Amino acid sequence: MKYEYMKRAIGLSKLGIGRVNPNPLVGAVIVKDDKIIGEGYHEYFGGNHAEINAFENAETDVTGADIYVTLEPCSHHGKTPPCVDKIIEKKISKVFIGMKDPNPLVMGRGINKLMDHGIEVEVGLCEDEILKLNEIFTKYITTKVPFCIMKTAMTLDGKIATRTGESKWITNEKSRAYVHQLRNRVAAIMVGIGTVNKDNPSLTTRIDGAGGSNPIKVIVDSHCSISADSKVFLTGSKATTIIAVTDQINNENFQLIKEKAEIITTPNKDGQVDLVYLFERLGEKGIDSVLIEGGGNINYSAVRANIVDKLVTFIAPKIFGGRDALTSFEGEGIEKTEDAILLKKTAIYHFDEDIMIESYLS
């Protein structure tokens, strides 16, 4: 039964997706006499932690009960008091922990404090699943650099548009719906100025039957040439728009755009925005995750800059052909096969006839 209880805690933690960044997704379940008597999850950034909500929702006295929590209870004062103190106060008998907290302020201290007060602790229940669920938090809390997901969509022959540039729609509705789930998960979405000029996207989140969170919009635009009428400024979304530029800006247009967006000026790296520098600045702003939905040039620049952690590739059972039709990765490209950018931990999913390949950069 203990796996079922932790699975329930994992399910609860997912209810916080899109609302807790840059905090982790955490769920908690209190069990007494083989019955769930309380449960909760971290609902929003700055709100109660999962354990506290579970105690507040408990139907009966929790003395002597077990608690299942997906992440090691915190032992430090942040926006809320330490959860370990509340667990000790409530006289919990045993704590089942999915994964240790990678936060340097915790890192086993919560576990040690519980054990020092005579509370039994078991660590590692459903750990792999929880580690993946909190991969954004783990990367950001240990490096202060955003976790980067790159999404691409292509035909079976690797094209992201026809030879005339037409690209809507390559994938089916289920695949596109999943992309909006990805947007809801991350703190920011990034595209290049080429995508803005070509598609004029709104970069918002649309989820049927649920209130999705709109990510911060980051536009990579070396010359600050973006039109002041672009949809990224006109959607009515409360999400901030950030324009990443270099010193090669169009000064006249810059005066218009700086009234509509936040500007980050990066070093000039071969005539382009320095993506490594940009990600460091985004991390300083508390942005823990970025979804890149760019064209082939920014995609290639991003993987060459080694800022991409995870690649999500949709392949539709269609063929466009055309030697000049665009592909997912353009740029200069590599010369030798042994210099190829390698991927690992590949998994395959199906969205009706579309295939999604999830992989991580080596």
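Asp352 sits in the loop between strand 15 (343–351) and strand 16 (354–361), where helices (H or I, at least four residues) and strands (E, at least two) are DSSP runs numbered from the N terminus. Although Asp352 is not a glycine, its phi is positive, at about 55 degrees. With a relative accessible area of 51%, Asp352 is exposed; the term exposed means over 50% relative accessible area, buried means under 20%, and partly exposed lies in between (1.4 Å probe, protein chains only).

The model is predicted, so local features need pLDDT of at least 70 and side-chain atom pairs count only at pLDDT 80 or more, while totals for chains, interfaces and linings use all residues. Residues are numbered from 1 along each chain as its sequence is written, and side-chain values use heavy atoms, with hydrogens and water left out.

A positive phi also turns up at Leu203, another residue that is not a glycine, with a value of about 60 degrees. Leu203 belongs to the loop between helix 8 (193–199) and strand 8 (216–220). Its relative accessibility is 3%, and Leu203 therefore counts as buried.

Turning to the peptide bonds, a cis bond runs from Asn21 to Pro22, with omega near 5 degrees. Pro22 can be found in the loop between helix 1 (2–13) and strand 1 (27–32). Lys168 and Trp169 are likewise joined by a cis peptide bond, here with omega of about -10 degrees.
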